[in-house]
Amino acid sequence: MRWFAVDKRRLPWRTEPPAAPDPYRVWLSEIMLQQTTVPHARPYFEAFARRWPTVEALAAAPEEEVMAAWAGLGYYARARNLVGCARKVAREHGGRFPDTEEALRKLPGIGRYTAAAIAAIAFGRRAVVVDSNVERVVSRLFAMETPLPASRDEIYRLADRLTPAHGAGDFAQAMMDLGSAICTPRSPDCPRCPLRAHCLAFATGAPETYPRKTAKKARPRREGTAYWLEHDGHVLLVRRPEKGLLGGMLALPEAAPAEADWAEAGAVDHVFTHFALTMRLLCADAPTRDEGIWWPVERIEEAGLPTLFAKLARRGRERRSGLALPVRENA
Ligand code: SF4
């Protein structure tokens, strides 16, 4: 805690005493940081907090605008839950987040970790907050031989033992900052670590070998095709079904939207959590603009396409302007 008081990260969702934390900003940051790094989430947080400074403002925003502003952060179910949660807080809780883990967990998109983080950081409750940074620090402190994920319950129990009765929010953030700045996955900087004297992994001489892990299964690889159909400076987009991968987002069609003379325009590789995807792009010009969402090609960046489709769109647009692109690229 002394180390944290001096060396903590200055982050836009954190406040310095005597200012009280804003539960809305704490919640927004925690949702964005699920599966996303701090440097990547930070500009999104700043843009959201500027555009929708309160939970009521976010609750009143059209879902499509929020989804478009979220584009590039990935895991789009989070954006839908974000809107759902803001609306529930505005409607059922008078615009104030509930202050217990139990009540927080009843809100969309808030699981065990996020409820504990908000209760501790925003409301000063004693809650046990375990993210992947905390998992690593605890595994090393106790030199746990059981590999992840089997060791999770034990890590939680040990983190519970360490968590103080007062200042659980600062304690949680201190552990996260330590894991992020010093006790890093590959090369922990033990000489600078305030926990060195107590750390059993340090004592083994090979702290970076913790946490132990079970061998990962290789990700399956899938293949797909996307279609770039253009007419008079506009490209055809589709809105994906609400349920499923990238649900509710605008995207390029994945089935041929018309009979046409389709030309190959290369492929893009993209890695999702459970599989890797190679998506090839076929391009054609349409004689007319029929029904559907026709988006101006020059303003395609404003469509809020998820990363995979944004890369494909760049390819489609640059093929049109005659720029040579490599046949394949990584998304
Ligand atoms: S001493 Fe090293 S391994 Fe142990 S907690 Fe500190 S940085 Fe991590």
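Q: Which cavity is the space taken by the ligand?
A: The model is predicted, so local features need pLDDT of at least 70 and side-chain atom pairs count only at pLDDT 80 or more, while totals for chains, interfaces and linings use all residues. Residues are numbered from 1 along each chain as its sequence is written, and side-chain values use heavy atoms, with hydrogens and water left out. A cavity is a set of points on a 1 Å grid over the protein atoms alone where a 1.4 Å probe fits but cannot get out. The ligand takes up the space of the largest cavity.

Q: Is P207 buried or exposed?
A: P207 is found in the loop between α12 (200-204) and β1 (221-231). Its contacts (heavy atoms within 4.5 Å) beyond four places in sequence include R140, P188 and C190. Buried means under 20% relative accessible area and exposed over 50%, with a 1.4 Å probe and protein chains only. At a relative accessible area of 9%, P207 is buried.

Q: Which residues touch the most other members of the largest nonpolar core?
A: A nonpolar core is a set of buried Ala, Val, Leu, Ile, Met, Phe, Trp, Tyr and Cys residues joined through side-chain atoms within 4.5 Å. The largest one has 98 residues, and the members touching the most others are W27 and F309.

Note on methods. On a 1 Å grid over the protein atoms alone, a cavity is a set of points where a 1.4 Å probe fits but cannot get out, and a pocket is an open set with protein on both sides within 12 Å along at least five of seven lines; lining residues have an atom within 4 Å of a point. A molecule sits in a cavity or pocket if more than half of its atoms lie within 2 Å of its grid points. Helices (H or I, at least four residues) and strands (E, at least two) are DSSP runs, numbered from the N terminus.
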